[in-house]
Amino acid sequence: MAEPRPFLCITLACSPRAGEVVELPLQLPAGASIADAVEAAGGWQALGFAQEGPAGLWGRSAPLTQGLRDGDRVELYRPLTVDPKVCLLYTSDAADDMQC
C-alpha cells in the first residue's frame, strides 16, 4: 500500500473584485485547515479582501477551521453587491455596468 504523503496539494480560488479571478496551487502540511490555506497564500489582504470573509470547499460553505484533504478546492467568497435576480431583469449591457 502507498505511504501517505506528508503534505496536501490544494487549490485556493477567489474573486476579490468583479471580473478578477485568482487561483493558486498550494502545498500544505497534512492536517491543514482553510485558515492555514489563506495564511499560506499571504492572508486575506494579500488576496485583495478588506477583511476576513466566508469560505467553502468545492462550492459548499465551510468554517475556516475545516480540515483539508489532498486535491481540495478552497474558495473564498466576497459579499454580493447586486442581487442576482435583479441582474436578470436588465439587458446584458446594463448588467455589465452593474458588474453582476
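**View 1. Burial and surface of the chain.** In this predicted model, buried residues account for 33% of the 100 residues in the chain. The accessible surface of the chain is about 6800 Å², and 54% of this surface belongs to carbon and sulfur atoms. Of the contacts between residues at least 6 apart in sequence, 44% join residues at least 24 apart.

**View 2. Elements of the chain.** Three helices and five strands are present in the chain. Read from the N terminus, the elements follow the order β-β-α-β-β-β-α-α.

**View 3. The five-stranded sheet.** The five strands form an open sheet with mixed pairing, in the order β2-β1-β5-β3-β4. At the edges lie β2 (22-29) and β4 (60-62), each of which pairs on one side only. On average, neighbouring strands of this sheet are turned by 35° against each other, direction ignored.

**View 4. Pairing of β1 with β5.** Strands of a sheet pair through backbone hydrogen bonds, either parallel or antiparallel. Strand β1 (residues 7-14) pairs with strand β5 (residues 73-76) in the parallel sense, over four bridges. L12 has V74 in β5 standing opposite.

**View 5. Cysteines C9 and C14.** C9 has 28% relative accessibility and counts as partly exposed, because this value falls between the 20% and 50% cut-offs. C14 has a relative accessible area of 4% and is therefore buried, the limit being under 20%. A disulfide is a covalent bond between the sulfur atoms of two cysteines. Zero disulfides are found in a search of the whole structure.

Definitions and conventions:
Residues are numbered from 1 along each chain as its sequence is written. This is a predicted model: local features need pLDDT of at least 70, side-chain atom pairs count only at pLDDT 80 or more; totals for chains, interfaces and linings use all residues. Side-chain values use heavy atoms; hydrogens and water are left out. A disulfide is a pair of cysteine sulfur atoms within 2.5 Å. Buried means under 20% relative accessible area, exposed over 50%, partly exposed in between (1.4 Å probe, protein chains only). Two strands pair if DSSP finds at least two bridges between them. Helices (H or I, at least four residues) and strands (E, at least two) are DSSP runs, numbered from the N terminus. Axes are lines fitted to C-alpha atoms, for helices over the stretch in contact, and angles run from 0 to 180 degrees between N-to-C directions. Contact means heavy atoms within 4.5 Å. Accessible areas come from the Shrake-Rupley method with a 1.4 Å probe; for residues, only the protein chains shown count as cover.
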